[in-house]
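User: Please go through the helix packing, the metal sites and the backbone of this model with me, one question at a time.

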Amino acid sequence: MAPANVCTGEEGKLVFYYVAKNDFLSLKSIILQHNLNVDIYDEHGMTPLKSAAYNGHKEICQFLLDQGADVNCKNHEHGYTALHFAALSGNAEVCQLLLDSGANSHPLNSVGRTPSQMAAFVGFHNCVAVINNYIPKSEVEYYTLTHGLETEPKLPSVYASPLHKFIMQVNVHPVRVALNLQPTLIEDLPRIKKILELMCEKEMKRGAESNEVMSFKLHYLSCIVAEVIKCSFRSPEKQSDPVELFVRKILVRKRGEEYIDFLIRDIVREFPFRECTIFRQMVTSLANQKDSPPALSLVTVAINGQRGFSDDVKTCATCGEEKASKKCSKCKQVQYCDRECQRLHWFVHKKECNRNNEELINKMENSVKIN
Ligand SMILES: [Zn+2]
Ligand SMILES: [Zn+2]
């Protein structure tokens with residue numbers, strides 16, 4: 001076995017050669033045959049894992065990680081980690097793999113840039129979204145244990161997985177956020193809100209390791225949960241579903257859009273950490289009355305990065321989820337993720353659906369007449 005962390009001899013050179021060529025089989029065979037250390041590096045501090053990440057080759061990255069490659073290796077001459085390189089490759093799955101393998105989500109390179117900033121710079125919105133929305137599950141599980149003088153944990157363990165998934169959701173449309181509280185988190189909204197607030201504060205108080213984007217997102221989610229809680233007080237005698245009440249408030253034409261805009265502006269203003277960049281940027285954009293974008297798209301861009309021109313996708317009319325594949329079966333003019341989203345939207349879509357249908361019938365009749 002080669003001594004740790006030096007690129008020695010022909011075998012080391014071959015490892016880099018095979019990684020550069022994306023030749024998985026040759027790479028695998030040389031490493032296994034000679035029992036090579038996979039954390040070798042060249043004169044620039046490039047490791048095989050960094051090189052594979054830069055190539056966006058998931059299978060090779062997975063293999064190197066299985067062989068014990070250091071996912072947070074910082075030997076690079078400009079301070080780039082494997083995640084920096086994955087972000088530059090544009091391959092979101094490789095970013096996800098590295099994060100799941102313990103990569104620090106926001107290390108700084110020698111010019112003070114994080115991986116998600118690098119991805120944003122070159123326009124890889126998918127990589128930005130994956131990195132910015134990532135949080136290790138252990139951060140949630142922390143609250144399922146007792147600390148200090150506590151006699152019971154702040155969070156029953158049944159909520160750990162659903163809450164982790166809830167935090168990692170990429171779509172921050174308030175309707176989707178509220179729907180994702182079902183079926184488990186809805187059982188104890190005040191507790192979920194409290195944990196989100198604690199996590200928001202914790203993310204901001206890590207000194208150099210602070211993650212302001214995640215901190216803001218946790219604040220945002222806790223505020224949406226607070227709005228859903230308000231809806232459960234509105235008609236307690238009717239036993240109506242607070243999520244449904246909240247969603248209907250948003251979906252009403254015009255009034256709903258105003259409500260969302262107002263709500264999100266309030267959420268931004270109430271963010272407790274006013275010194276950070278993300279807060280200042282959002283406040284500046286929102287204050288610019290003339291060409292200020294809707295508050296929801298501003299928050300979406302702050303968390304998920306700016307979309308490229310090429311990824312213009314069909315979104316769900318109810319919750320803004322991407323790749324909504326179901327169409328309204330009557331008019332075929334609107335998309336939804338599923339039946340639930342279509343059901344929730346029907347009370348507003350009903351009217352336009354009939355209108356769409358009449359237009360469609362007129363068009364067809366006209367074309368028949370012409371022929
Ligand atoms: Zn939907
Ligand atoms: Zn329709």
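User: In which sense, left-handed or right-handed, does α16 pass α17?

Analyst: In this predicted model, where local features need pLDDT of at least 70, side-chain atom pairs count only at pLDDT 80 or more, and totals for chains, interfaces and linings use all residues, helix α16 covers residues 277–287 and packs against α17 with the axes 11 Å apart. Residues are numbered from 1 along each chain as its sequence is written, chains are lettered from A and ligands numbered from 1 in the order in which they are written, and side-chain values use heavy atoms, with hydrogens and water left out. A crossing counts as left-handed if the near helix is turned anticlockwise from the far one by less than a right angle, and as right-handed if clockwise; by this rule the crossing of α16 and α17 is right-handed.

User: How are α16 and α17 oriented to each other?

Analyst: The axes, which are lines fitted to C-alpha atoms over the stretch in contact, with angles running from 0 to 180 degrees between N-to-C directions, meet here at an angle of about 155°. Angles under 35 degrees count as roughly parallel, over 145 as roughly antiparallel, 65 to 115 as roughly perpendicular and the rest as oblique, and α16 and α17 are therefore roughly antiparallel.

User: What arrangement do the donor atoms around the zinc ion (ligand 1) have?

Analyst: Donors are N, O and S atoms within 2.8 Å of the metal (3.2 Å for Na, K and Ca), and for the zinc ion (ligand 1) they are the SG atoms of Cys316, Cys319, Cys337 and Cys341, at 2.1 to 2.4 Å. Four donors count as tetrahedral if all angles lie between 85 and 135 degrees. Because the 4 donor atoms around the zinc ion (ligand 1) subtend angles of 99 to 114°, the arrangement is tetrahedral.

User: Which spacing do the donors of the zinc ion (ligand 2) follow along the chain?

Analyst: The zinc ion (ligand 2) is coordinated by Cys328 (SG), Cys331 (SG), His349 (NE2) and Cys353 (SG), at 2.1 to 2.4 Å, and its site is tetrahedral, with angles of 104 to 113°. Along the chain, the donors of the zinc ion (ligand 2) follow the spacing C-x2-C-x17-H-x3-C.

User: Where is the proline of the cis peptide bond from Gln182 to Pro183 found?

Analyst: Most peptide bonds are trans. The bond from Gln182 to Pro183 is cis, with omega near 0°, and Pro183 is found in the loop between α11 (174–179) and α12 (189–204).

Terms used:
Four donors count as tetrahedral if all angles lie between 85 and 135 degrees; four count as square planar and six as octahedral if opposite donors are over 155 degrees apart and all others between 65 and 115; anything else is irregular. Helices (H or I, at least four residues) and strands (E, at least two) are DSSP runs, numbered from the N terminus.
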